[in-house]
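Subject: Structure for your review

Dear colleague,

Please find below the structure for your review. My notes on it follow directly after it.

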Amino acid sequence: MEVGLIILLVFVVLLVLLAIEVPVAFCLAASGTFGLMLLRGQNVAGATLASVPYQAAASFTMTVVPMFILMGMLAMHANIAEDLFRITNRIFRRVTGGVAVATVITCAGFSAVCGSSVATAATVGRLTIAEMEKYGFSSGFAAAVVASAGTLGVLIPPSIALVLFGIITNESIGKLLIAGIIPGILSAVIMGVGILVFARMGVGFDRKATAASSTPVVQAGGYGGVMRLAVLFAIVIGGIYSGLITATEAAAIGALAALVMLLMRILSERMSLWPTLFGALRESASVTSMVFAIIVGSSIFSYFIVSAGVPTAFSNWVLGFELPPLLLVLLLLLSLIPLGMFLDGVSILLITVPLFYPVVVGELGYDGLWYAILTVKMIELGLITPPVGVNAFIVSSMVRDRGGLEMVFRNIWAFIILDLIIFAVLFAFPGIVSWLPGQVR
Amino acid sequence: MRLTVRWIAALLAVAAALSVLAMMGMTSADVASRWITGRSIPGAQEVTESLMVAIVYLGMAYALCRREHVSVALLTSRLPARPAAALRLLGMIVMIAVITWMTWRTGQEALRSFQIGEVRFGLLQVPIWPARLTIPVGLTAFLMQALLDLYDQYVLFREGRKEPPSGAERGFA
């Protein structure tokens, strides 16, 4: 059979399997295996199934993934988000829409100890959505704030997405993580300002804004959690930035520090240790397993893709249009938006980066860190765009009124606009991304 | 039967959870040792790699149990119950077929690795067959859980009932 026909067939099989609700990881594994059978025969396909499951997992660099996941899981119990929200809400409560700004800052802060958007949105949403509703925000808008600000979890280090980008492309994981800091803060600022502007225009409220007058009681205190946040961030990012420890080691020590914090809280509040600790460990293993199922599946898939010569063909094809380089990069990045509507972030990274990175960085010579951050921005957008926006899905179960998911999607447009503005700024000024990692020793 | 599979998945999840803890301890101890004595713990990196494999595969059945794996319910959730169940059945059969093949081949690899005494060269010669063995073990538990799900889906298909809503559209990253 002709190679082109095989490739077409494999992609059809992939899409069909996705459509009939096979988990993404196994869609990739099955269609990749099918392609290898057609292309190279049954023996090669079998040998791939024998070796890839071990090779894809048994890598020291990969251990950074479960360690960051564990750190996030433990941080959930360290009262970090609670305390941060308490303080920021106190600062911003007199401003119209201030509670939503406090939510954005809480998301950004929690992102600094958690590498996952979904976990960030879930943790912060439980605390803040009801509070925003109290201040007159509509349920859908309140949930949309969390869904959108929660996506900072994959941009502000630690970040599972940036780690995977580093593993796929051999860019330095440490530098990638550092590169996420300034764009992450910038994103939070633009989101916060955007929300204040929307609030001025009356967007997002279903009652008259009640900022100063009937302000719900705001509790004092909350400095402990912020201290813990600072310590964890200093260990992980300080460790990587100073070059004293590798990203892998920083992740493990960060997890250990989060564990010590949990133990201290358990001792002072007389909680029971095992259910919390064991729950966090088991959850980390389960999520790691899920992420690696996708990694193994896409390794098999890309083994086929490479065997069929797709990356070179793809590169020649897109370069053949002889578009202005910057326009080509923009088009490649924008093509991630439709993908993000249907696929999860890990799959998008693992499928597109091996194809796009050689063109953008190898052929056109752009900065790999810049391209990484822009890719992650697109993945963030994919987390909130309908019909499959994982973050929107997570927060929709937390709102007061019924009809959650559709209500969230009806309010998400405002944040899609803000995300596109942030993307445009980062695209136009690569220095925002590359400056800080350039300072790393 | 159902309970047995649950138990196996839960038991392997405990092993995976302990591996996570061990990985954290091992890597931290390695850094501490390097700072204090100036040397790494021999074999730490090799053992950590093996733990990585154990976490991934021993946790897999449990992740399926909790419906952690990301899937797209866009089409199937809009179809009537019976065709949707039929399509899901087809998909599950494909998945089970591929994973069965993978289980068989990784099992052979584990056996070969044990027989030739395959080691990972480092400061210490750490045998890697235990890590290789966790793959078919974890995948077998995964298959058992998948077969149970297949049976449930068949019952839904036969009776033409809608699937109870699940957290299918999940994800991480």
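The lining of the largest cavity in this predicted model divides into eight nonpolar residues, two polar and no charged. Here Ala, Val, Leu, Ile, Met, Phe, Trp, Tyr, Cys and Pro count as nonpolar, Asp, Glu, Lys and Arg as charged, and the others, Gly among them, as polar. The lining consists of A:Ser298, A:Phe301, A:Ser302, A:Ile305, A:Val306, A:Pro311, A:Leu350, A:Ile351, A:Pro354 and A:Leu355. H14(A) gives the largest share, five residues; helix H14 (273-307) and helix H18 (345-363) of chain A each supply at least two. Helices are DSSP runs (H or I, at least four residues), numbered from the N terminus.

The volume of the largest cavity is about 80 Å³, and a search of the whole structure finds six cavities of 30 Å³ or more. A cavity is a set of points, on a 1 Å grid over the protein atoms alone, where a 1.4 Å probe fits but cannot get out; lining residues have an atom within 4 Å of a point. Points are joined across faces, edges and corners, and a volume is the space filled by probe spheres set on them.

The second largest cavity holds about 70 Å³. Its lining draws on both chains, including A:Phe26, A:Val296, B:Tyr57 and B:Met102. Helix H2 (24-40) and H14 of chain A, together with H4 of chain B, are the elements that give two or more residues to this lining. By class, the lining comprises 10 nonpolar residues, one polar and no charged.

Turning to the interface, 62 residues of chain B are in contact (heavy atoms within 4.5 Å) with 71 residues of chain A. The area buried between the two chains is about 6000 Å², with carbon and sulfur atoms giving 77%; buried area is the accessible area (1.4 Å probe) that two parts lose on being put together, summed over both. The rule finds three salt bridges across this interface, a salt bridge being a side-chain nitrogen of Lys or Arg within 4 Å of a carboxyl oxygen of Asp or Glu. A:Glu21 forms a salt bridge with B:Arg88, and their closest N and O atoms are 2.6 Å apart.

As to conventions, residues are numbered from 1 along each chain as its sequence is written, and chains are lettered from A and ligands numbered from 1 in the order in which they are written. Local features need pLDDT of at least 70, side-chain atom pairs count only at pLDDT 80 or more, and totals for chains, interfaces and linings use all residues, while side-chain values use heavy atoms, with hydrogens and water left out.

Yours sincerely

Key:
On a 1 Å grid over the protein atoms alone, a cavity is a set of points where a 1.4 Å probe fits but cannot get out, and a pocket is an open set with protein on both sides within 12 Å along at least five of seven lines; lining residues have an atom within 4 Å of a point.
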